[in-house]
Amino acid sequence: MNCFYYFKDKSKSNRQISAPELKEGHKKLSQFSGAEPERVTKSSCSSSTSYRGIPELYEEKARNLRAFSFTELKHATNDFSRLLKIGEGGFGSVYKGSIKHVEGNGDPVLVAIKRLNKDASQGHKQWLAEVQFLGVVEHPNLVKLIGYCASDDERGIQRLLVYEYMPNKSLESHLFEKAYDPLPWKTRLEIALGAAQGLAYLHEELEVQVIYRDFKSSNVLLDANLKPKLSDFGLAREGPAAGDTHVSTAVMGTYGYAAPDYVETGHLTAKSDVWSYGVVLYEILTGRRSLERNRPKMEQKLLEWIKQYPPDSKRFESIMDSAFVGQYSISGARKVAKLADSCLRKSAKDRPTMRQVVERLKQIIQDYDEENTAEKNVDAAENDVVEHEEKMNESDSSVLWKKRMEHLEKLGEHVESASRRRFMILQRINVP
Ligand SMILES: Nc1ncnc2c1ncn2[C@@H]1O[C@H](COP(=O)(O)OP(=O)(O)OP(=O)(O)O)[C@@H](O)[C@H]1O
Ligand SMILES: [Mg+2]
């Protein structure tokens, strides 16, 4: 799904710094003067003098990003072979590639290489934002940036990003593409939890708050164990400084996921991400995209459609992904839908924080595990009863059998030899 970039005039801005111009060839990122992503107006209540933003933190922290030459990445992708292309988004194409270890020894490392489209006007700013944010952040639920390439030469401007390779595509692919087996209920819950933990880290655990601004299922990548990692930090922004309520900025994001209050006012807060998270929770429950133009009119917008099926209603179950075929917990699904509804509250301040979402999801997963264990115990107890009954029946019949044998033996003394032989045969069959 494409991003939208429509600009609302926020001319009050006092920190707007234009994107840096690249004039030379291959440069280290730290050499870009004024290397700052699109800066924005912070709602004015306070002004901090010792403020350290992402660029300052980047200078301090991001020492181990590798600066690749364009030739290196060309070799890594077999000259950007179409056979190695693994995706395409608003920024450009993504290729699978392999690079040498920093030390030059050991097995080659698999990577994903994103190459900026030549005509992407927002491209450079997004590229720079991504390098700076991913250079600073570090969390198991955020994709790892290995390095970058910036080179200007006769071929034109080249901007590339080199990430750890995520072999299981995105949550979007698993939810909506027929080629994949449907994700089990518990896996969906764990993916939701991991993604929430990634957002909570960005909102609350860094020196500066980071608003992700483009949370959607295609930006949740999955590793070999289906562990989720957020990718695409091109639209990420620093949150408001202490004492400020929001950041005013050009409205950017993806249709179907962006919070309506942000779209209307351009006021960005961490709660804008919480809204987008709520949308993805409903995608996880229903197996439907936030916008599907090929459905009947009433069903095209996921959030409008699900309103007719509140979590506590009897009809609720009919919105669940049909791929589940009964393998989910209905009570758990209702809890997840309620959580999603709280993320989708009209007023941003009424939405939970991502930390609260994480706590709630952990509880839902724990309830599910307990429900499952209780169910398994009931099944085991039922099996014990059945086994016991079977044994009882067996022993009943062996008692009967013995009695019958004794009776026949007595009779046998008087019957003819043919009947006797038949009796002996019967006995042989039944004696273990
Ligand atoms: N690190 C990675 N490892 C493996 N595959 C990746 C990686 N990064 C991206 N991809 C693949 O490339 C696809 C396109 O990613 P990209 O972020 O460019 O576009 P998008 O998320 O679909 O759209 P948008 O540009 O709106 O974010 C992803 O869906 C994924 O399948
Ligand atoms: Mg993406």
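Me: In this predicted model, what is the bridge partner of R115 in β8?
Reply: In the predicted model, R115 has L160 of strand β8 as its bridge partner.

Me: Which way do β6 and β8 run, and how many bridges join them?
Reply: Strands β6 and β8 run antiparallel, and five bridges join them.

Me: Staying with β6, how many of its residues are buried?
Reply: Strand β6 spans residues 109–116 and is mostly covered, with six of its eight residues buried.

Me: What about β5 and β6, in which sense do they pair?
Reply: Strand β5, residues 92–99, pairs with β6 in the antiparallel sense, over eight bridges. Within that part of the model, I99 has V109 in β6 as its bridge partner.

Me: Let us move to β7. How many of its residues are buried?
Reply: Seven of the nine residues in β7 are buried, so that this strand, residues 145–153, is mostly covered by the criterion of 20 or more other C-beta atoms within 10 Å.

Me: How many residues lie between β7 and β8 in their hairpin?
Reply: Two residues lie between β7 and β8 in the hairpin that they form. These strands pair in the antiparallel sense over eight bridges, β8 being residues 156–164. As for a particular residue, D152 has I157 in β8 as its bridge partner.

Me: And β3, in which sense does it run with β7?
Reply: Strand β3, residues 66–67, runs parallel with β7, and two bridges join them.

Me: Which residue in β7 is the bridge partner of R66?
Reply: The bridge partner of R66 in β7 is G147.

Terms used
Residues are numbered from 1 along each chain as its sequence is written. Chains are lettered from A and ligands numbered from 1 in the order in which they are written. This is a predicted model: local features need pLDDT of at least 70, side-chain atom pairs count only at pLDDT 80 or more; totals for chains, interfaces and linings use all residues. A residue is buried if 20 or more other C-beta atoms lie within 10 Å of its own, exposed if 12 or fewer, and partly exposed in between; C-beta atoms are placed from the backbone. Helices (H or I, at least four residues) and strands (E, at least two) are DSSP runs, numbered from the N terminus. Two strands pair if DSSP finds at least two bridges between them.
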